[in-house]
Amino acid sequence: MTLPEAFIEDIKAYLPASELAPFIQALTDSEPTTSLRYNRAKCAERSGLPIGWNPDDGVYLDERPNFTLDPLLHAGCYYVQEASSQFVTHVLRSLVKEPVTALDLCAAPGGKSTAMLSVLPEGSQLVSNEIDRRRARILSENITKWGYPNVSVTCNAPADFRKLSHQFDLILADVPCSGEGMFRKDEGAVSDWSPQKVNACVALQREILDTIWPTLKPGGIMVYSTCTFNVHEDEEMLAYICEELGAEALEIPTDDAWHIHPPIVGQRPCYRFMPHFTEGEGLFMAAVRKRENNAEPNTSRKTDNKRKGSGKTLGKDDRSKPAIDLKKAAPTLLSQLDCEASLELTAEGTLRAIPTGHKVLHDALVSQGLYLLQSGIEMGTIKGRDIVPAHALALSIVRRENAFPTVEVDLNTALNYLRHEAITLDASAPTGYVIVTYRGHALGFVKNLGNRSNNLYPQEWRIRFV
C-alpha cells in the first residue's frame, strides 16, 4: 500500500519526527488486529486475550474466524468490534455514574450503541440514530440482536432532533470523517482520501455539532470521536467544541500499559489510538462537558421532513382496525416480558412494548415526528386473528424464559435456519410458535406444524454467501 503524499506531508507537520517512520510502517506493513466484545447479558463465556481498556467484555483473537458461520454472532452473544473503538466503554464507565438519556447520533452499524447499552447505568435509555436508510436497517438489525429493551432506533438528520432542546444527558458524536484510521484495513479508504475530502469532513462535522449541541443539557457530556488521524478533524475540532460551543474537555483515567497516544497538538485531553503505538486501528476520542451557562449557537436551518411519521400509532380516525381485541390481548402479550411496559400498535401494524422507563423519551420522539425503525421491544404483527411473534422478542433479554417453548438444534440445523431454509424439528417438539436455540441461545422463531415448520427468521437477514 502506498500512502497519499499529501497525507504524509500533513501528519508530518504535527507528529514528532521520531514517530513518523514507525507510524508509516505500521500503516503500510503490519496487519490489523481482530477483536470482539461480548454481550454480558447473554453470554458468560469468554475466550481470547482481554483488551486493556475493556477487560470484562473485550478480547483480542489470534486469528479471524468466519464469524458468519457462528450462530452465536447471530444470537447477539458478541459483536465484532475493533479494539480501539471499545475505548468508549471505558470513557462511559469513568464519566457516567447515574442513569442517563443518551443519543448515539451517527450510530451505524451499531458497535458503539451496543457498547453503550452494555455499560450505561441501569435505568438509562438510548436513541440510536443513523441518517442513511440502508445503514439504519443494519443498525436496527444489530440493536435487535443485542436484545436490550431501553432503546429506540431512528433514521433522521441531526436537524430533525432540533426541537428536543436539552433532551439528552449524553451524546455520542462518532462523526463522518476522512477515514484515515481505516487505511490498514481497507485500501479503498486510501484511494478515496484527498485533502478536499478532509476539508469537506471538517465542514460537515462543524455543521453536525452546531446542530445537535442545543439538544445536550447544560452540564451534559458529549463524546466526540473519529476514525482518522489528522488534527483538523481531531484536536482542532475539539478546540472548536470548547471555544465556540462552550465546553470543557474532560480527563479520562488511563493506564500507561495501554499505550494510548497523547494529543499531537494542543494541551486539551484527548485520546489517540495509532497503530505504531497501540494494538488497534486509528481512533480519536475526546469527552467534553457542556458549560452550565452555555449560549446556544444559531441552528436555524431547514429540517428535512421526508422521513417523518413512522412513529405514528393507530388512533380513532384510522379506518383499518385490528382483527383482534388489543385490550384483551395486552395482558397475555406483556406477560411474555420481565419488565413493566405498555403496548402500542404502529400504523404499519407492528406491536411494540414500550418499557415504562423509556416511555417519556419514546413519546417525545413520536410527538416530534421522528422516523422510528424500532422502539422498545417489537412484539409481533397482527395477521388476521393471529399475532405472529417478532424476531426481536425471541432475542430480547427481557423475554420471560417460559414465554415460549424452545427447541435446541445442532450446528448444521442452526445454519440452515439462519439461511432461512426449511428445517425439521424432532417429533417431540411442540406445535405452534417455538424458539430455536443453539447452545442455549435463542436464534429466532419457527411455527412448528408437526410434519414441517415455517421458518420465521427475517429473510433480509439470512446468510447468503460465505
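The points below cover confidence, a sheet with its helices, a pocket and a cavity.

1. Confidence. Please keep in mind that this is a predicted model. The chain has a mean pLDDT of 93, and 93% of its residues reach 70 or more. Two stretches call for a second look. Across residues 299-309 the pLDDT is below 50, and this stretch has 27 contacts in the model beyond near neighbours in sequence. Residues 313-319 also stay under 50, with 13 contacts beyond four places in sequence.

2. The sheet. Follow the order S13-S14-S16-S17 and you will trace an open sheet of 4 strands with antiparallel pairing. At its edges are S13 (341-345) and S17 (386-389), each of which pairs on one side only. From one strand to the next, the twist averages 30°.

3. The S16-S17 pairing. How many bridges join S16 to S17? There are 4, with S16 spanning residues 377-383 and the two strands running antiparallel. If you want a landmark here, Lys-383 stands opposite Asp-386 in S17.

4. Helices across the sheet. H10 (residues 326-334) lies across S13, S14, S16 and S17, and runs at about 135° to S13. H11 (residues 359-367) lies across S13 and S14, at about 130° to S14.

5. The second largest pocket. This pocket holds about 860 Å³ of space. Its lining is made up of 30 residues, and those nearest its centre are Thr-350, Leu-373, Glu-378, Glu-460 and Trp-461. Two or more lining residues come from each of H6 (133-146), S14, S15 (372-375), S16, S17 and H12 (391-395). Which element gives the most to this lining? That is H6, with 6 residues. By class, you will find 13 nonpolar, 9 polar and 8 charged residues around the pocket.

6. The cavity. Searching the whole structure turns up 1 cavity of 30 Å³ or more. The largest cavity contains about 80 Å³ of space. Its lining includes Ile-143, Thr-144, Gly-147, Tyr-148 and Pro-149, along with Gln-374, Gly-376, Ile-377 and Glu-378. Ala-392 and Ser-396 are also in the lining. H6 and S16 each supply at least two of the lining residues. The lining divides into 5 nonpolar, 5 polar and 1 charged residue.

7. A link between the two spaces. Glu-378 is one of the residues nearest the centre of the second largest pocket, and Glu-378 also lines the largest cavity. H6 and S16 likewise contribute to the lining of the pocket and to that of the cavity.

Terms used: Residues numbered from 1 in each chain as written. Predicted model: local features only at pLDDT ≥ 70, side-chain atom pairs only at ≥ 80, totals over all residues. Heavy atoms only, no water. Pairing = 2+ DSSP bridges. Axes fitted to C-alpha atoms, helices over the stretch in contact; angles between N-to-C directions. Contact = heavy atoms within 4.5 Å. 1 Å grid on protein atoms, 1.4 Å probe; cavity = no way out; pocket = protein on both sides within 12 Å on 5 of 7 lines; lining within 4 Å. Points joined across faces, edges and corners; volume = space filled by probe spheres on them. Nonpolar A, V, L, I, M, F, W, Y, C, P; charged D, E, K, R; others polar. pLDDT = per-residue confidence, 0-100.
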